[in-house]
Amino acid sequence: MWLGAGLCCLLWGSAFPSIKTGYKLFEIEEGATAGIILFAGIRFFLAGVLSVIVFSLIERKPLLPEKGSAKGICVLSLFQTVLQYVFFYLGLAFTTGARASVISSVSVFFALLLSAFVFRYEKLKFNKILGCVIGFVGVIVISLDAFKGSAGFKGEAFILLSSLAYAFSSNFMKKYSRDYSPAMLSGWQFILGGAVMSALAFALGGRINAPSAKGVLLLLYLGFLSAAAYSLWSILLKYNEVSSVAVCSFMTPVFGYFLSAIFIKDEKSFSLLSLLSLVLVVIGMITVNKNMLNKKN
């Protein structure tokens, strides 16, 4: 389970430098909002198609939308794909991949708070409150120098909005997966969300240059990593306790941070503030899941 979850987090972490690299390969400018959204839409439509194919092969039957699942697919598509990734891709255009990987991990704390106060799925305990506080301090630390650039706090704010959208989608997934297959919901919401994003971006004048061979391979990889990670994560959830799998997610910001620092080579990536923030976020996530870790040990 730990190896499988680690692979998922490695794939998700690799998305941060991959997307930043994609902007360069497809010559998408920082302020080209429609082009950025089109790039994201194509990726997630591809991810949805791959997810449906993978689970159709696993289940040995076509993974089609189940009767009555349209509302769940639409709600998940809005929050998990459209809102989350519109803000995420826009945020990455204005901040570093390393910083974004740490800030986006705040979605864990957003999801916990929403689960307790909005959806009423669980009660807050002291270790969870303490973990949230430590995690948010980490986000504040990494953003201390955000106003030094001309973009100010724009990139970080978009990443935070993306994290909030993901937190809502996590709770909605828990709600709708009670009645429908999580694999079906994930695959088809990706397809719907990717199609909506691509159509909207194209209508707004979004265009991307003809990709090079490297660009095509990168786009295929981005689609693959989403399909593969979500597929494997769903399988782990099927055969293990949700809490045991969820605790592994603290590895995503770790992978995202260091992969961005290595492949993007942003000289600010290894600043003391960034490293301190990363440590605080990981400590916060482990603290939130302290009871689960004790049970595993």
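First, the ground rules. The model is predicted, so to speak of local features pLDDT must be at least 70, and side-chain atom pairs count only at pLDDT 80 or more, while totals for chains, interfaces and linings use all residues. Residues are numbered from 1 along each chain as its sequence is written, and side-chain values use heavy atoms, with hydrogens and water left out.

Now the fold. The chain has 13 helices and zero strands. Helices here are DSSP runs of H or I with at least four residues, strands are runs of E with at least two, and numbering starts at the N terminus. Read from that end, the order is α-α-α-α-α-α-α-α-α-α-α-α-α.

Next, burial. Of the 297 residues in the chain, 54% are buried. Buried means under 20% relative accessible area, exposed means over 50%, and partly exposed lies in between, with a 1.4 Å probe and protein chains only. The areas come from the Shrake-Rupley method with a 1.4 Å probe, and for residues only the protein chains shown count as cover.

On to the surface. Which residues form a nonpolar patch there? They are Phe-45, Val-49, Ile-53 and Leu-57, with about 360 Å² of accessible area together. Patch members have over 30% relative accessible area and no salt bridge; nonpolar side chains (Val, Leu, Ile, Met, Phe, Trp, Tyr) are joined within 5 Å, like charges within 9 Å. Val-49 sits in helix H2, residues 33-59. Its relative accessible area is 30%, so Val-49 is partly exposed.

Lys-71, Lys-174, Lys-175 and Arg-178 gather in a patch of positive charge. Lys and Arg count as positive, Asp and Glu as negative; His and the chain ends are not counted. Each charge is placed at NZ of Lys, CZ of Arg, CG of Asp or CD of Glu. Lys-71 belongs to helix H3, residues 70-92. At 59% relative accessible area, Lys-71 is exposed.

Now the loops. Asp-179 lies between helix H7 (154-176) and helix H8 (182-203). Asp-179 is exposed, at 59% relative accessibility.

Two loop residues have positive phi without being glycine. One is Glu-27, with phi near 55°. Glu-27 is in the loop between helix H1 (2-25) and H2, and is exposed at 57%. The other is Arg-120, at about 60°. Arg-120 is in the loop between helix H5 (107-117) and helix H6 (126-142), and is exposed at 63% relative accessible area.

Stay with H5 for a moment. Leu-113 is in that helix. Leu-113 is partly exposed, with 28% relative accessible area. C-alpha to C-alpha, Leu-113 and Ile-129 are 8.9 Å apart, with a sequence separation of 16 residues.

Last stop, helix H11. Ser-260 lies there, in residues 251-263. Is Ser-260 buried or exposed? Buried, with a relative accessible area of 2%. A polar atom of the Ser-260 side chain lies 2.8 Å from the backbone oxygen of Gly-256.

Key
A salt bridge is a side-chain nitrogen of Lys or Arg within 4 Å of a carboxyl oxygen of Asp or Glu. A polar contact is a pair of N or O atoms within 3.5 Å; within protein, one must be able to donate a hydrogen and the other to accept it, and residues adjacent in sequence count only if both atoms are side-chain atoms.
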